[in-house]
Amino acid sequence: DSQKSGKGTDNQKPDLKNVQRTNDPENPFWSSTYEIIKAFSNNIRTHEDEVKEELNRMGRTARFVDLWECTVNRPNFEPEKWYFNGKPTQEFIKGVKSYAGIAYILSPDDIQPEFKANNAITIQVQDLKKMDHCDVVERMISNIFYDIGPESIMKEIKNIYNQNFSAILKLHLASFLTDQLFVLVGKDNALPFIEMAKDFKRFNNQVNWLCTANSRYTAENRQAEAILNHHLQRPDGMNGYIAQLKIQKSAMKRIPRWVGFADLKNPEQLHFKTGKMPNEIWVVRNSNIDNTMNSTTKNGLNSTARTDQASGQNEKSEDTDNSETAGRPMIFVTREQISQETLKHLDHKGYLPGEPLFAPDNNSTTRELLRSVQEDINSDRPLNIEWPPGWPVNIRQP
């Protein structure tokens, strides 16, 4: 294709800070997505201090962030498992060097730990160390605190689930995080997690996660593990939720700019105002452009590719989903740069004489953004989400 320079001179980028201009009932592409993002942002601004206070409260609780364990071997006693709230200090007690602190000594009769002042002779203490969950919880608090939002909370729930410590403790932490999610964005904006939260609350364990010597602990821990597995082993709902948020935010950052036009006499000849084709070209079509277009599910679009031997460029046709876009205009990607190749898409049914051409405001291609989202959720499965109307209909899987 000839890529001639047009006469356009408007190089000004859209003001993303003034994105409220897209809140226009006549704008079919961005107004609904804007309202969704605005509702999320307003909820987060209103409730983030409340969530941060809860995180701080957990961060001040030694049992979650500064719990130490050790084995104490005293003469004429079976080895004992001790837990210290905070690292025990070394001091001389009755002339003997000892570890002292607020400690709980594991007992098979306990259903709740009882911490009280205690000490053990230093040479009788073995394997003193901070418990594994403490660093995990500290990182969890820090990660959410400094990037507060539903995505960070979801990420930490998944991370907690993948840890190797007590399932009862993991369920407690996951329940805590789900509560904070509801506070932060509102239950109406977190509907996929209502049932999960209810199951977490229904778990009514009698034995504390520290009381591992109690005969009922193993059964209750297995019950907690089963609940976690049911909701988090294949976190499709959670992945879809995170992907939905990321796609919506990406769509709002891709306000299109005019980049050129199709030739009046030969529409396949494109003219670009800079003389150079951008990384991606968009056109707008009515959803009734061709009633023979195949429908697919919202999971993604099937595609077939072939090579144009004459031009050395690829032409790609991807099915689009009519069921979701009936009655409204749609954005199509017509060309995209992949490495040194230009990939042509056919499903816009050709350019119209003099048709304006657009490109997203950022330089990332739609396909690159989709790959980034899948990397973020650690999944290569098609995204099963409700696509925002400002997202191109013919690229919905990498």
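## Helix 5: ends and length

Helix 5 is followed by glycine 186, a residue with a positive phi near 90 degrees. The model is predicted.

## Packing of helix 3 on helix 5

Two packed helices are described by the angle between their axes and the distance between the axes. For helix 3 (residues 132-145) and helix 5, the axes come within 13 Å and cross at roughly 10 degrees. Helix 3 is therefore roughly parallel to helix 5, as the angle is under 35 degrees. Helix 3 contributes His133, Val137, Met140 and Ile144 to the contact, and helix 5 contributes Leu169, Leu173, Phe176 and Leu177. By class, seven of the residues in this contact are nonpolar, one is polar and none is charged.

An α-helix has 3.6 residues a turn, so residues three or four places apart point the same way. The contact list can be read with that in mind: His133, Val137, Met140 and Ile144 on helix 3 meet Leu169, Leu173, Phe176 and Leu177 on helix 5.

Helix 8 spans residues 236-252 and has 17 residues. Its end C-alpha atoms are 24 Å apart, which agrees with the 24 Å that 17 residues should span at 1.5 Å a residue. Because 13 of the 17 residues are buried, helix 8 is largely enclosed by the rest of the structure.

Isoleucine 37 belongs to helix 1 (residues 31-59). Leaving out residues up to four places away in sequence, isoleucine 37 touches Gln248, Lys249 and Met252. The C-alpha atoms of isoleucine 37 and lysine 249 are 7.3 Å apart, although 212 residues separate the two in sequence.

Tryptophan 30 sits in the loop between strand 1 (3-5) and helix 1. It has a relative accessible area of 6% and is therefore buried, the cut-off being under 20%. A polar atom of the tryptophan 30 side chain lies 3.1 Å from the backbone oxygen of alanine 251. Tryptophan 30 and proline 388 are 358 residues apart along the chain, with 7.9 Å between their C-alpha atoms.

Threonine 334 is part of strand 13 (residues 329-338). With a relative accessible area of 1%, threonine 334 is buried. Its side chain forms a polar contact of 2.8 Å with the side chain of tyrosine 351. Apart from neighbours within four places in sequence, the residues in contact with threonine 334 are Ile281, Val283, Leu343, Lys344, His345, His348 and Tyr351.

Leucine 357 is in strand 15. Its relative accessible area is 0%, so leucine 357 is buried. Leucine 357 and valine 284 are 73 residues apart in sequence, and their C-alpha atoms are 8.7 Å apart in space.

Lysine 349 is not a glycine, yet its phi is positive, at about 65 degrees. This lysine lies in the loop between strand 14 (341-345) and strand 15 (356-360). Lysine 349 counts as partly exposed because its relative accessibility is 47%.

Asparagine 378 also has a positive phi, of about 55 degrees, without being a glycine. Asparagine 378 is placed in the segment after helix 10 (366-376). At 71% relative accessibility, asparagine 378 counts as exposed, the cut-off being over 50%.

## The chain overall

The chain contains ten helices and 15 strands. Of its 398 residues, 47% are buried. Among contacts in the chain with a separation of 6 or more, 71% are between residues 24 or more positions apart. The pairs isoleucine 37 with lysine 249, tryptophan 30 with proline 388 and leucine 357 with valine 284 have been described above by their separations in sequence and in space.

Methods
Residues numbered from 1 in each chain as written. Predicted model: local features only at pLDDT ≥ 70, side-chain atom pairs only at ≥ 80, totals over all residues. Heavy atoms only, no water. Helix = DSSP H or I, 4+ residues; strand = E, 2+ residues; numbered from the N terminus. Axes fitted to C-alpha atoms, helices over the stretch in contact; angles between N-to-C directions. Parallel < 35°, antiparallel > 145°, perpendicular 65-115°, else oblique. Contact = heavy atoms within 4.5 Å. Nonpolar A, V, L, I, M, F, W, Y, C, P; charged D, E, K, R; others polar. Buried < 20%, exposed > 50% of the residue type's maximum accessible area, 1.4 Å probe, protein only. Polar contact = N/O pair within 3.5 Å; in protein donor to acceptor, adjacent residues only side chain to side chain. Expected span 1.5 Å × (residues − 1).
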